[in-house]
Amino acid sequence: MREIFRHRDHTIVSFYGEMLEAEGIPVMFRNLHLAMSGLSEIPIAEFYPNICVMRDEDFLSAWEVLRRAMHENAVGSDREVECGGCGEKNPGNFDFCFSCREELRGD
Ligand SMILES: [Zn+2]
């Protein structure tokens, strides 16, 4: 099992997790109920809801699904934020780089 995505907004975590399941990739959610009860208002990334792929061998294909979806969602909505760590472009509403998990500083 391997974590693939983490975000403080549980609706976004659910959205991408369900997208992976729709692609036939089994996932497990962690901290989702914690988030829904409002406890993740505490701004500690450790407690953010996250998605794990159940099988390590699914990680790369799952990552491709997420990358594609995130880039599509970023088009025409928020500005993109370039990661200072790896140069990957992230949707503007993300707190952490989805590629290397470096904290994003948009402004
Ligand atoms: Zn990065």
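Is N31 buried, partly exposed or exposed, and how many other C-beta atoms lie within 10 Å? Select N31: this residue is partly exposed, with 18 other C-beta atoms within 10 Å. A residue counts as buried if 20 or more other C-beta atoms lie within 10 Å of its own, as exposed if 12 or fewer, and as partly exposed in between, the C-beta atoms being placed from the backbone. The model is predicted: local features need pLDDT of at least 70, side-chain atom pairs count only at pLDDT 80 or more, and totals for chains, interfaces and linings use all residues. Residues are numbered from 1 along each chain as its sequence is written.

**The whole chain**

Display the protein chain as a cartoon. It comprises 3 helices and 5 strands, in the order β-α-β-α-β-α-β-β from the N terminus. These elements are DSSP runs numbered from the N terminus: helices (H or I) of at least four residues and strands (E) of at least two. Of the 107 residues in the chain, 27% are buried.

Together they form an open sheet of 3 strands with the order β1-β3-β2 and antiparallel pairing. From one strand to the next, the twist averages 30°; axes here are lines fitted to C-alpha atoms, and angles run from 0 to 180 degrees between N-to-C directions. Two strands pair if DSSP finds at least two bridges between them; β2 and β3 have 4, in the antiparallel sense. Within this pair, V27 stands opposite V53 in β3.

**The core**

Now select I4, F5, Y16, I51, L66 and F98, which touch the most other members of the 17-residue largest nonpolar core. Such a core is a set of buried Ala, Val, Leu, Ile, Met, Phe, Trp, Tyr and Cys residues joined through C-beta atoms within 7 Å. Centre the view on F5: leaving aside neighbours within four places in sequence, F5 is in contact (C-beta atoms, placed from the backbone, within 7 Å) with V13, Y16, N50, I51, L66 and F98.

**Two positive phi angles**

Return to N31, in the loop between β2 and α2 (32-36). Its phi is positive, about 65°, although N31 is not a glycine. Finish at R101, in the segment after β5 (89-91). R101 is likewise not a glycine and has a positive phi of about 70°; it is partly exposed, with 16 other C-beta atoms within 10 Å.

Note on methods. Two residues are in contact if their C-beta atoms, placed from the backbone, lie within 7 Å.
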